[in-house]
Amino acid sequence: MTIPVGAPVLSICVPVYNEAENLPLLHEAIVKVVEPLKLATEIILVDDGSKDDSWKQIQALVEKDPRVRGIKFMHNCGETAASDAGMRAARGKFVMTMDADLQNDPEDIPKFMEALSQGWDCVCGTRVANRRKGDGFVRVASSRIANWVRNKLSKENITDAGCTYRAFKRQCVDKLKLYRGLHRFIPTLLKMEGFTVTEIPVSNNPRVHGESKYGVWNRLFKSFRDLLAIRWMKSRLLNYQVELELDRSRSVPKIEVTTHPEVISHGSEMQSGAA
């Protein structure tokens, strides 16, 4: 893939739903990390039909910082749709997704970039070691149960599928075809396409403003149908390797037929003279 001149190296895509108070803080935290690294970055904020002043905050940030881009949905479509819109709009060589609530810490961005530089196609954050620092018992317990169920049924080993703090090579985004709810299974979908996936530990900060949009229902039950779809897709995956291919047309020299106008003209004159 060719990256246009002046395009960012990293595109950070952030689904936004009622996060007006967190957006200025998130922008400040990201800039604080990427500027010392001299990392050309764009921040894509996708307003998923927020009912608060999130869009006004996005507009203000776009006016303040040319690295910020804003996308506004006509109505609420869900986290998968907002993530997909951000990734499709991204122009960077690498694409990152993160939450707007500051529980994903921008200080971890260099760790993602380091892992990508080692050759991994997709790098996923895992909050297993730090989960209790930012979440209560019920949320932690429901997340662990959901991860266990997902891994058991999908034959996966992703320790924190619910963590959407991830970074990808651009080629991964081009291959993704998402449906509602499938943002949780992006690592599995990429593995099915032949990409390499790894996990790195990330921080899990306490939420500063607002409240979580996802609870036990989302983690344990609402995604179960999606999990069955992923299980079916994996069972029906085409898995073949071509050993040999014979094609004589590739070894036969191409014969080009050329027409010379002067010959045709001369021939025509002779024919007319003979007549």
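Predicted model: local features only at pLDDT ≥ 70, side-chain atom pairs only at ≥ 80, totals over all residues.
Student: What cut-off would a pair have to meet to count as a disulfide?
Tutor: The sulfur atoms would have to lie within 2.5 Å of each other, and the structure as it stands holds zero disulfides.

Student: Is cysteine 172 buried or exposed?
Tutor: Cysteine 172 has a relative accessibility of 0%, so it counts as buried. Cysteine 77, by contrast, comes out at 24% and therefore counts as partly exposed.

Student: Switching to the sheet, how many strands are there and what is the order?
Tutor: There are seven strands in an open sheet with mixed pairing, and reading across it the order is β3-β2-β1-β4-β6-β5-β7.

Student: Which strands stand at the edges, and what does that leave them with?
Tutor: The edge strands are β3 and β7, the latter covering residues 197-201; each has a single partner strand, so one side of each is left without a neighbour in the sheet. From one strand to the next, the twist averages 20 degrees.

Student: What packs on the sheet?
Tutor: Helix α2 does, touching β1, β2 and β3, and the direction of α2 makes about 150 degrees with that of β3.

Student: Which residues of α2 are buried?
Tutor: In α2, which spans residues 54-64, the buried residues are Ser54, Ile58 and Leu61. Viewed down the helix axis, these buried residues fall within an arc of 65 degrees, so they line one face of α2. They pack against β1 (10-16), α1 (23-37), β2 (41-47) and β3 (68-72).

Student: And what sits on the other side of α2?
Tutor: On that side, Lys56, Glu63 and Lys64 are exposed.

Student: How do the axes of α1 and α2 cross?
Tutor: The two axes come within 10 Å of each other and cross at roughly 35 degrees. On the α1 side the contact is made by Leu23, Pro24 and His27, while α2 contributes Ser54, Gln57, Ile58, Leu61 and Lys64. Sorted by class, the residues in this contact are four nonpolar, three polar and one charged.

Student: Back to the strands: how many residues of β2 are buried?
Tutor: Seven of the seven residues of β2 are buried, so to speak a mostly covered strand. Thr41, Ile43, Leu45 and Asp47 point one way from β2, whereas Glu42, Ile44 and Val46 point the other way, and all of them are buried.

Student: How many bridges join β1 to β2, and which way do they run?
Tutor: Seven bridges join them, and the two strands run parallel. As one of the pairings, proline 15 has valine 46 in β2 as its bridge partner.

Student: How about β4 and β6, parallel or antiparallel?
Tutor: Strand β4 (residues 94-97) and strand β6 (residues 166-169) run antiparallel and are joined by four bridges. Methionine 96, for its part, has alanine 167 of β6 as its bridge partner.

Student: What does lysine 169 touch?
Tutor: Lysine 169, which lies in strand β6, touches Lys93, Phe94, Leu116, Gly119, Trp120 and Asp121, leaving aside residues up to four places away in sequence.

Student: And how far apart are lysine 169 and phenylalanine 195?
Tutor: They are 26 residues apart in sequence, and in space the distance from C-alpha to C-alpha is 9.7 Å.

Technical notes:
Residues numbered from 1 in each chain as written. Heavy atoms only, no water. Buried < 20%, exposed > 50% of the residue type's maximum accessible area, 1.4 Å probe, protein only. Arc of directions from axis to C-beta. Contact = heavy atoms within 4.5 Å. Axes fitted to C-alpha atoms, helices over the stretch in contact; angles between N-to-C directions. Nonpolar A, V, L, I, M, F, W, Y, C, P; charged D, E, K, R; others polar. Pairing = 2+ DSSP bridges.
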